[in-house]
Amino acid sequence: MVKILLTFGDLKLKINKMKKIIYMSFLIVVCSTTIFEVSAQSKAESEVSIAFEKYFDARKVQDWDTVASMESSSGTYNTNSDGSFHKPLSKTTADQWKVSGQAGVLNAYYPEFSEISNGVVFVRFYYEGIAANGSQSQDYRTRVTQNWIKEKGKWVLKTQHYSPAEYGGVHITNSSDFDN
């Protein structure tokens, strides 16, 4: 039988090594938890994220009944990216959406959801692609902010502000960008 004897110096080195391992493990756990907490969405933000996707999917396929049903029943406040003044309170119906002529291939990019109050979620994102109206089409790029509110148990759109994002030195969208 062989006995291994550790000198005091060897023991001290092993203890220091173990302390470092424990300290690094603790640091990893704390950092991981902190990063998760910072990036985790609240329940309201997660619900609005789903509603947001449903709303813009409906706009893409021109499902105006769904679009109208996802806007506040008391109306919405909107500002368009055409440089016009703020619009008055609007209660847009599915039929009004249908005759608006909105079409094209438009996508929301980098949406961020922030619960700013109980029952209110602020959303900001970029909206770009090819906008079409009748036989006319053009590149479209805008920044958008929205407020979604909880109304009668469901999340609906209350405000929208579209502001042009025309700036140089970036890619100009064209129809081939959306080819699969």
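Below is a chat about the strands, aromatic rings and salt bridges of a predicted model.

Colleague: Before we start, what are the ground rules for this one?

Modeller: It's a predicted model, where local features need pLDDT of at least 70 and side-chain atom pairs count only at pLDDT 80 or more, while totals for chains, interfaces and linings use all residues. Residues are numbered from 1 along each chain as its sequence is written, and side-chain values use heavy atoms, with hydrogens and water left out.

Colleague: Fine. How many helices and strands does the chain have?

Modeller: There are 4 helices and 5 strands, in the order α-α-α-β-α-β-β-β-β from the N terminus. Those are DSSP runs numbered from the N terminus, with helices being H or I of at least four residues and strands being E of at least two.

Colleague: And how do β3 and β4 pair?

Modeller: β3 (residues 120-133) and β4 (residues 136-151) are antiparallel, with 14 bridges. Two strands pair if DSSP finds at least two bridges between them. One example is Ile130, whose bridge partner in β4 is Asp139.

Colleague: What's in the turn of that hairpin?

Modeller: The hairpin has 2 residues between the strands, and Gly134 takes a positive phi near 65°.

Colleague: Which way does β5 run against β4?

Modeller: Antiparallel, over 10 bridges, with β5 covering residues 154-164. Asn147 has Thr159 as its bridge partner in β5. That hairpin also has 2 residues between its strands, and Lys152 in the turn has a positive phi of about 55°.

Colleague: Where does β1 come in?

Modeller: β1 (residues 77-79) is joined to β5 by 3 bridges, and the two run parallel. In β5, Gln160 is the bridge partner of Asn78.

Colleague: Is Gln160 buried or exposed?

Modeller: Gln160 counts as buried because its relative accessibility is 6%. The cut-offs are under 20% relative accessible area for buried and over 50% for exposed, with partly exposed in between (1.4 Å probe, protein chains only). The Gln160 side chain also makes a polar contact with the side chain of Gln146, at 3.2 Å. A polar contact is a pair of N or O atoms within 3.5 Å; within protein, one must be able to donate a hydrogen and the other to accept it, and residues adjacent in sequence count only if both atoms are side-chain atoms.

Colleague: What about Gln136, buried or exposed?

Modeller: Gln136, in β4, is exposed at 60% relative accessibility. For the chain as a whole, 28% of the 180 residues count as buried.

Colleague: Switching to rings. How many aromatic pairs are there?

Modeller: A search of the whole structure gives 12. Take Tyr127 and Tyr140: their ring centres are 6.3 Å apart with the planes at 90°, so that pair is edge-to-face. Rings of Phe, Tyr and Trp (its six-membered ring) pair if their centres lie within 6.5 Å; planes under 30 degrees apart are stacked, over 60 edge-to-face and the rest tilted.

Colleague: Where do those two sit in the chain?

Modeller: Tyr127 is in β3 and Tyr140 is in β4, 13 residues apart, and both are buried. Tyr127 also pairs edge-to-face with Tyr162, at 6.3 Å centre to centre and 65° between the planes.

Colleague: Which residues make up the aromatic cluster?

Modeller: Phe52, Tyr55, Phe56, Phe113, Phe125, Tyr127, Tyr140, Trp148 and Tyr162 form one cluster.

Colleague: Last topic, salt bridges. How many?

Modeller: The structure holds 4, each meaning a side-chain nitrogen of Lys or Arg within 4 Å of a carboxyl oxygen of Asp or Glu. Lys43, Glu47 and Lys150 are linked in a network. Glu47 meets Lys43 at 3.1 Å, N to O, and those two both lie in helix α2 (residues 43-60), 4 residues apart. Lys150 reaches Glu47 with the closest N and O atoms 3.3 Å apart, linking β4 to α2 across 103 residues.

Colleague: Which residue does Glu112 bridge to?

Modeller: Arg124, with the closest N and O atoms 2.6 Å apart. Glu112 is in β2 (residues 103-117) and Arg124 in β3, so the bridge ties together parts 12 residues apart in sequence. Glu112 is partly exposed at 39% relative accessibility, and Arg124 is partly exposed at 44%.
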